[in-house]
Structure formats: structure tokens, C-alpha cells
Amino acid sequence: VERPKLPGETTPVSAVKSDNDPDDGGSPNNVIDLDFTTFSKTAAGTDGKTWFRFKLERTQCVTKVWSFQHNGEYRRYWTCAPTGCTTCAGDRCNIFALTVYIESAGGDEDFP
């Protein structure tokens, strides 16, 4: 079941996950395909951390990030400001964190 895009929504062009094993939890690109019949989960990687990383087509101002469940309902969302995405509303915000940054050719740079 494909989810319609929200007004002003940008879909990431690629995704990676901390455990980097598509056979264990599905391809990370399943998270960005707008299809609720596909999924991906991840586990701690070699650094001991669990994460997904999404890349946008170009540098953009991120104002809100949504987390959806397989049934199409959102579980939580973060509201972003120039200083970061620290305001979370919804279910289980206390166990999830969101970082938005600009990735340069020389490495990662913290946002803004």
C-alpha cells in the first residue's frame, strides 16, 4: 500500500543502516519507498550504535521529520529549527533521537 506524499515532502534518495545487512531486517531503502508493505529494521553496528541514515538529493531546509508505522499511522515526528531537530511529539520520543547535518566531501559537519 503506497503512502501519498505529504504537501512539501521530500523523499530521500538513499538510505543505509547501522548493521548493513539487508537479509536481516530488509533493505534500508524500504524505509523511504513510501510502501507500507515493505519494511526495514536495524541493529547495532560495529560502533555499538543503532541508526538509519538518509541522504537527500540536495541541501534543503528540514522543518519536520515523520516516523510512520506499517499501517500508515505516524508514531512520532520531530520539529526542526536552525539549531537542530530536538522537539519530538508522539509515541516513545524518549528512546529515539534525530540528527540533521550537512555532509561534505571532507566528512560530516554538524547542522547548521
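**View 1. Arg53 sits over the ring of Trp51.** In this predicted model, Arg53 lies over the face of Trp51, at 5.5 Å from the ring centre. A charge counts as over a ring if NZ of Lys or CZ of Arg is within 6 Å of the ring centre and within 35 degrees of the ring normal. The model is predicted, so local features need pLDDT of at least 70, side-chain atom pairs count only at pLDDT 80 or more, and totals for chains, interfaces and linings use all residues. Residues are numbered from 1 along each chain as its sequence is written, and side-chain values use heavy atoms, with hydrogens and water left out.

**View 2. Arg3 meets both Phe68 and Glu9.** Arg3 lies over the face of Phe68, 4.4 Å from the ring centre. The side chain of Arg3 also forms a salt bridge with that of Glu9 (2.7 Å, N to O). A salt bridge is a side-chain nitrogen of Lys or Arg within 4 Å of a carboxyl oxygen of Asp or Glu. Arg3 is buried, with a relative accessible area of 11%. Glu9 is partly exposed at 23%. Buried means under 20% relative accessible area, exposed over 50%, and partly exposed in between (1.4 Å probe, protein chains only).

**View 3. Trp66 pairs with Phe68 and with Tyr77.** The structure holds 6 aromatic pairs. Trp66 and Phe68 are stacked, because their ring centres are 6.1 Å apart and their planes lie at 25 degrees. Trp66 and Tyr77 form a tilted pair, 4.7 Å centre to centre with 35 degrees between the planes. Trp66 lies in strand E3 and Tyr77 in strand E4 (residues 74–81), so this pair ties together parts that are 11 residues apart in sequence. Rings of Phe, Tyr and Trp (its six-membered ring) pair if their centres lie within 6.5 Å; planes under 30 degrees apart count as stacked, over 60 as edge-to-face and the rest as tilted. Strands (E, at least two residues) and helices (H or I, at least four) are DSSP runs, numbered from the N terminus.

**View 4. Five rings join in a cluster around the residues Phe36, Trp66, Phe68, Tyr74 and Tyr77.** Ring pairs make the links. Tyr77 is buried, at 19% relative accessible area. Phe68 is partly exposed at 27%. Trp66 is partly exposed too, at 33%.

**View 5. Leu6, Trp66 and Tyr74 make a nonpolar surface patch.** The patch covers about 270 Å². Within it, Trp66 belongs to strand E3 (residues 64–68). Patches are made of residues with over 30% relative accessible area and no salt bridge; like charges are joined within 9 Å, nonpolar side chains (Val, Leu, Ile, Met, Phe, Trp, Tyr) within 5 Å. Accessible areas come from the Shrake-Rupley method with a 1.4 Å probe; for residues, only the protein chains shown count as cover.

**View 6. Arg75 bridges to Asp91.** The count comes to 3 salt bridges. In this one, the closest N and O atoms are 2.0 Å apart. Arg75 lies in strand E4 and Asp91 in the loop between strand E5 (84–90) and strand E6 (101–104), so the pair ties together parts that are 16 residues apart in sequence. Arg75 is partly exposed at 24% relative accessible area, and Asp91 is partly exposed at 31%.
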